Each structure stands twice: as C-alpha cells, then as structure tokens.
Amino acid sequence: MSLFKTYAGLSRGIYYLCLARTINSTGDFIFSLITLVLTLQMGMSVVSAGIFVSMAALISGPGVLLGGYLSDLIGKKTIIVSGQILSALMIISCSFWSGTMTIGYLLIAVMFFISITRPAYNVLIIELCPEEKERKSAFSLMYLGANLGIALGPLIAGFFIKDYVHIVFLSIGTVFLISTFIIWKKVYIGSSDQATQTIAREPAKHTKQSQGEQQPHGRQQHQEHQQPGQQHKQGRSPSRQQQGSESLPSPLFPMLLKNPLVVFFIVVSFLNYFIYMQYSFSLPLQMNQTFGEHGAAYYGSVMTINAISVILLTTLVLSATRNFTALNSIAAGALFYGIGFGALYLLGDWPQFAIVVVSTVLWTIGEILVQTNINLYIASRVPDSHQGRFNGLLLFVGCLGYTLSPYLTGLFIRSVDMKSVWIIILGISLFYAVCMVLLWYIEKNATNNRGIESPDYSKSV
C-alpha cells in the first residue's frame with residue numbers, strides 16, 4: 001500500500017477527474033461496439049463493418065485537432081462537458097434506433113465528439129498540476145483509472161450485447177452523464193478558463209510580476225477558493241479578463257517555429273503509436289499462426305495478462321522511475337517495447353505460450369512508461385495558451401499511427417514472413433529509443449551551454 005503514496009498530495013480536482021475518467025472508461029469501448037452491433041445485430045459483413053470502423057478512426061483525427069483548438073479558445077472544462085453531453089445523448093438515442101443503419105452513423109458521430117474531449121483532458125491535468133512530478137503521478141493515476149474502466153466495461157456489456165443492446169446503449173449514455181456531472185461540479189480550474197488564458201496572453205513582464213504575487217505552491221488549489229474580487233490583488237482586472245476571453249488564441253505556427261525540438265518529438269511519436277498498434281493487429285495474427293484454432297483463445301488470454309499487468313505494475317513502475325525525466329522514461333519504454341515484441345520472434349522455433357506471457361509483461365511495461373510520460377514533455381515546454389493545440393497535434397499523429405500501422409505492417413508480412421515482422425518492430429523500437437535519447441542529449445547540452453535550467457513555459461503562465 002505504501003506504493004500508493006505516490007498518488008498522495010495531488011489536488012482534489014485531479015482525484016475527481018480520475019474518478020470521472022474511470023467511470024467514463026467503462027463505456028469507452030464505442031470503437032469495438034460499432035463492429036459488434038453492425039455484425040451481430042445488423043448481420044453486416046465483416047468488410048462492410050470494417051468501412052464503418054475505418055470511418056470512425058479517420059474522423060478522430062480532425063476531432064482531436066478541433067478539440068485542441070477549442071480548448072485554447074473557450075476552455076478545457078467547457079469542451080469536456082459539452083463533448084461528453086453530446087456523446088451521451090447520441091448514445092442514448094441509439095437505443096431508439098436499434099436494428100437500423102442509423103446506429104452506425106450515430107456511433108461514428110460519437111467517436112468524433114469523444115475525440116474532441118481528448119486534448120482537453122490532457123491539458124486539464126497539466127493545468128491542475130503545476131509541478132512535473134505531480135503531473136507524472138496524475139497522468140499515471142489517470143492511465144490506471146482508465147484501464148480499470150476499460151477492463152470492466154466490456155466484461156459487463158458482454159452479457160447484454162446480443163439480446164439487450166438497447167440496455168447497453170442506455171447504460172453507456174448514463175455512465176457518460178455521471179462522469180460529466182462529476183467534472184462539472186467537482187473539478188475547478190480557478191475562477192474560469194478564460195482568466196487563465198488571459199494571463200497566458202500577457203507580456204513576459206506582466207507574467208513575472210504575476211508570478212511574484214502568487215503563492216509558491218498550489219497555484220490552482222489557491223485559485224479554487226478565490227472570490228472574483230480577490231483577483232485584483234493579482235493584477236487580473238475584469239476588463240482584462242473580458243478582453244482576453246473575446247480574442248482568438250495566438251497563432252500556432254510561430255510557436256511551432258520557436259519549438260523545433262517539440263515538433264521533432266511530436267513527429268517521432270508516430271513510431272510509438274505504430275509500435276503499440278501491433279498488440280491489436282500483428283499479435284492476433286501471430287497467435288493464429290502459432291496455435292491454430294486455439295489462437296483466438298490465446299489472444300484473449302494475452303489481453304487479460306495485459307490488463308492485469310497494467311493494474312499491478314503501473315504504480316510500481318511509476319515509483320521506480322519517479323526521478324526519470326519524461327524523455328528517459330519514454331526511451332526506457334521503447335526498449336521494453338522492442339524486447340517484448342521482439343521476443344515473439346522465438347515462437348517460430350519454440351511455439352510455447354510461456355514466451356507470449358513474458359513478452360506481454362515486457363511490452364506492457366513499455367506501454368506504461370510511454371503512455372504515462374508522453375504528455376509530460378510537451379507540458380513543460382509549451383505555454384498554457386497553446387497546450388490544447390499542441391496536445392491535439394500529438395493525438396492527431398497518434399491517429400495517423402493507429403490508422404497506418406495495420407496497413408504498413410500488412411505489407412511487411414506479405415513481403416517477408418510473420419516472425420520476421422517482430423525483428424522489424426524491434427528495430428523500429430530501438431530507433432525510437434535512440435531518438436528520445438538524442439533529444440535528451442541535445443536539450444541537456446544546450447542547457448549546460450546556457451548555464452540555466454531548461455524552461456518550463458507552462459509554469460510561467
């Protein structure tokens with residue numbers, strides 16, 4: 001239990017946000033639900049259902065970009081609440097259209113609105129946690145809660161999906177509304193999102209003055225209890241707030257030019273999503289090739305091992321790497337990816353499920369290290385005024401990785417053989433790790449030459 005002290009001391013808003021995310025995740029298998037409903041309820045062919053799934057995946061890309069922009073424009077909490085309410089209403093309406101093609105189109109729309117909320121969740125965590133170690137714990141806690149929900153939701157829905165699909169839709173919609181209510185009533189970001197954005201647009205001189213007037217710890221926690229009139233003490237006049245809320249976010253392109261290393265990080269992160277997608281594409285194919293008709297059952301066991309490993313190891317891994325930088329953690333995660341997936345090459349000569357078990361635990365550790373740290377690098381190098389759009393770009397690159405990975409990997413399998421693909425994935429993982437180490441070295445060298453600490457722009461707002 002002492003390991004869970006890792007999550008102690010976070011702001012109250014983070015705990016409520018994690019609770020809401022966990023509840024929300026029990027119904028967060030809409031992507032899989034599209035396939036099940038269209039094939040089981042509608043009798044649609046696998047190919048036709050695949051078109052709908054592809055449409056849902058593709059629409060997530062524009063969704064995360066729009067969500068990132070709107071998060072910077074009108075606020076994170078507003079986007080989450082609005083997106084989840086619209087998603088909930090559409091999911092509930094599916095129960096009245098059971099047995100029609102309308103369900104397929106509604107679920108695609110749901111995926112779009114869910115994707116809009118994704119950047120806002122990431123930025124909200126950053127907003128509530130001023131320090132990087134707090135953010136690391138918060139992202140880890142959110143990741144753990146989401147996996148708990150994802151593990152429970154499909155398990156429960158599996159009993160009702162065939163004969164009582166309308167109950168599943170009503171339940172998921174209700175779950176979304178409950179989590180939205182928790183965020184609306186219990187998660188506070190200070191007086192308003194707009195006030196935060198107004199400060200982000202202030203000149204550097206005003207920013208330094210504001211920092212001197214703030215409490216040294218718990219910026220967001222202090223603001224939660226402020227009355228509107230108290231903001232004058234910190235130089236936040238109502239006229240400035242109103243002026244900031246009516247203006248558009250500052251342009252993104254100049255900020256991209258000022259942060260080439262962050263751009264490099266986002267682009268290279270494509271490899272993370274490309275590698276991670278192997279668990280749902282290449283791995284089931286490998287199970288079928290190695291274990292024949294029992295391949296599906298073995299793949300189900302792999303997913304169970306993955307879920308249990310995430311629940312048992314997330315806190316342990318976070319505790320062990322607490323002093324690692326985000327880049328070092330991601331590099332270590334890439335190595336675990338490579339060793340874990342690369343070990344599946346051995347199935348060609350030793351078709352033993354024990355190899356699969358060890359492999360799954362190893363690449364799951366890689367998953368924990370990468371997924372809980374990938375947002376931290378951007379968080380400390382981008383101003384709050386641009387956090388939404390930068391997180392949207394990162395998630396967009398993720399959508400590209402998830403979309404292209406099955407196609408490109410399929411070409412690899414057709415060109416070589418199944419087991420050789422794991423050597424290719426090992427090589428890509430090692431290259432990804434080298435990129436992260438190179439980025440860390442460049443930043444460290446630049447920092448030493450300047451003789452100052454690396455900037456944390458998100459704390460300067």
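**Exercise 1.** In this predicted model, are Glu127 and Lys76 buried or exposed, and what do their side chains form?

*Solution.* Step 1: Glu127 and Lys76 are both buried. Step 2: their side chains meet in a salt bridge, with an N to O distance of 3.8 Å; the cut-off is 4 Å. Step 3: Glu127 belongs to helix α5 and Lys76 to helix α4, so the pair, 51 residues apart, links distant parts of the chain.

**Exercise 2.** How many salt bridges does a search of the whole structure find, and where is the partner of Arg389?

*Solution.* Step 1: the search finds three salt bridges. Step 2: Arg389 pairs with Asp72, and their closest N and O atoms are 2.7 Å apart. Step 3: Arg389 lies in helix α20 and Asp72 in helix α3, 317 residues apart. Step 4: both residues are buried.

**Exercise 3.** Locate Glu443 and Arg381, which meet in a salt bridge.

*Solution.* Step 1: the N to O distance is 2.9 Å. Step 2: Glu443 sits in helix α21, while Arg381 is in the loop between α19 and α20. Step 3: Glu443 and Arg381 are buried.

**Exercise 4.** Which residues make the nonpolar surface patch of about 340 Å², and which helix gives the most to it?

*Solution.* Step 1: the patch is made by Leu148, Ile308, Ile311 and Leu312. Step 2: helix α16, residues 295-320, gives the most, with three residues. Step 3: Leu312 is in helix α16. Step 4: Leu312 has a relative accessible area of 61%, and exposed means over 50%, so Leu312 is exposed.

Conventions: Residues numbered from 1 in each chain as written. Predicted model: local features only at pLDDT ≥ 70, side-chain atom pairs only at ≥ 80, totals over all residues. Heavy atoms only, no water. Patch = residues over 30% accessible without salt bridge, like charges linked within 9 Å, V, L, I, M, F, W, Y side chains within 5 Å. Areas by Shrake-Rupley, 256 points an atom, 1.4 Å probe, with all protein chains shown as cover. Helix = DSSP H or I, 4+ residues; strand = E, 2+ residues; numbered from the N terminus. Buried < 20%, exposed > 50% of the residue type's maximum accessible area, 1.4 Å probe, protein only.
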